[in-house]
Amino acid sequence: FADQHLLYHLLLIPFLSLGLPPIWGVKLATAFFAWLAILALYFVLRYLNLRGAFWWTGLALINAPFILRLNLAKANALALAVFILACLALIKKRHFLLFILAFTAVWLHASWPNILVVTLLYIFSSMIWETIQNLIYEKKKKSIYYILSTIYSLLLTKENIKLLTASLGGLAAGLVFNPYFPKNLAFYRYQIFEIALKGYGK
C-alpha cells in the first residue's frame with residue numbers, strides 16, 4: 001500500500017480539528033481547495049499579462065465537468081493548483097520553484113508525471129520555435145546538417161537542461177524521500193502503466 005494523496009490527507013487535519021462533524025470538515029476543505037485552484041488559475045493568467053484573465057477564469061467556473069471535478073472530496077483541486085503554478089515556474093524559468101512544486105505534486109496526486117510531460121513539451125516547442133526563427137532570419141543556405149545541428153544545439157541548451165533537471169529532480173526526490181518508499185514505486189508503476197495507460201486503451 002502507498003498513499004498517493006498523502007499530502008492531501010495531511011492538509012485535511014486542520015479542517016477535521018475544528019470541532020465540526022468530519023463530513024463538514026471535509027466539505028469545508030473541499031471548497032477551500034477548489035478556490036485555491038481557481039485563484040491559482042487567475043493569478044497565473046494575470047501574471048502572464050493575458051488579456052481578459054478575469055473572464056477566462058469565469059469561463060472555467062461555468063464549465064460543469066470542471067467544477068464537478070473540483071468539488072469532489074479528493075486531491076484534484078490541489079493537484080491542479082500545483083500543476084498550474086508549475087507551468088508558470090517553467091515559463092518564467094524558476095528552477096527551484098519548479099523543483100519544489102514537482103516534489104509537492106508527487107506527495108499530492110498520482111498525476112505528477114504530467115509535470116514531466118509539460119516540461120518536455122515546453123522544451124521541444126521552444127526548440128521548434130527557435131529553429132523556425134533561425135531558418136527564417138538566417139540568410140545563408142540551409143543544409144540538412146545545418147538544420148540538424150541547429151536543432152541539437154537549441155535542444156541541449158543550458159537553460160533546457162536546468163529546467164529538465166529541476167523537474168526530474170523534484171519528482172525523483174518526491175518519490176525517494178517518501179514514507180512509502182520503495183513500495184510507492186511498485187504502486188505507481190501499476191497505477192500509471194496497468195491502470196492509466198493499458199486500462200484507458202481498453
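Predicted model: local features only at pLDDT ≥ 70, side-chain atom pairs only at ≥ 80, totals over all residues.
Is Asn178 buried or exposed? Asn178 comes out at 11% relative accessibility, so I put it down as buried, the cut-off being under 20%.

**Asn178 and its surroundings**

I placed Asn178 in the loop between α9 (158-176) and α10 (183-201). Next I checked what its side chain does. A polar atom of that side chain sits 2.9 Å from the backbone nitrogen of Tyr180. I then skipped the neighbours within four places in sequence and listed what else Asn178 is in contact with: Trp107 and Asn184.

**On to Asn184**

I found it in helix α10. Its relative accessible area is 1%, so Asn184 goes down as buried too. Which backbone atom lies 2.9 Å from a polar atom of the Asn184 side chain? I got the backbone oxygen of Leu175. Leaving out residues up to four places away in sequence, Asn184 touches Ala2, Leu175 and Asn178. The Asn178 contact turns up from this side as well.

**Phe181, while I was in the loop**

Phe181 is another residue I looked up in the loop between α9 and α10. At 37% relative accessibility I noted Phe181 as partly exposed, because that class runs between 20% and 50%. Beyond its neighbours within four places in sequence, Phe181 is in contact with Leu175 and Val176. I also took a C-alpha distance here: Phe181 and Ala2 are separated by 8.4 Å, though they are 179 residues apart along the chain.

**The cavity**

How many cavities of 30 Å³ or more are there? I counted one. The space in the largest cavity is about 40 Å³. By class I have five nonpolar, three polar and one charged residues around the cavity.

I turned to the largest pocket, which holds about 410 Å³ of space. I listed 20 lining residues, and the closest to the pocket centre are Asn76, Ala79, Leu80, His109 and Ser111. Helices α4 (64-70), α5 (76-91), α6 (95-108) and α7 (113-137) are the elements giving two or more residues to the lining. Which of the elements gives the largest share? I have α5 down for that, with five residues. Sorting the pocket lining by class gave me eleven nonpolar, seven polar and two charged residues.

A reminder to myself: an α-helix has 3.6 residues a turn, so residues three or four places apart point the same way.

**Where I left it**

Technical notes: Residues numbered from 1 in each chain as written. Heavy atoms only, no water. 1 Å grid on protein atoms, 1.4 Å probe; cavity = no way out; pocket = protein on both sides within 12 Å on 5 of 7 lines; lining within 4 Å. Points joined across faces, edges and corners; volume = space filled by probe spheres on them. Helix = DSSP H or I, 4+ residues; strand = E, 2+ residues; numbered from the N terminus. Nonpolar A, V, L, I, M, F, W, Y, C, P; charged D, E, K, R; others polar. Buried < 20%, exposed > 50% of the residue type's maximum accessible area, 1.4 Å probe, protein only. Polar contact = N/O pair within 3.5 Å; in protein donor to acceptor, adjacent residues only side chain to side chain. Contact = heavy atoms within 4.5 Å.
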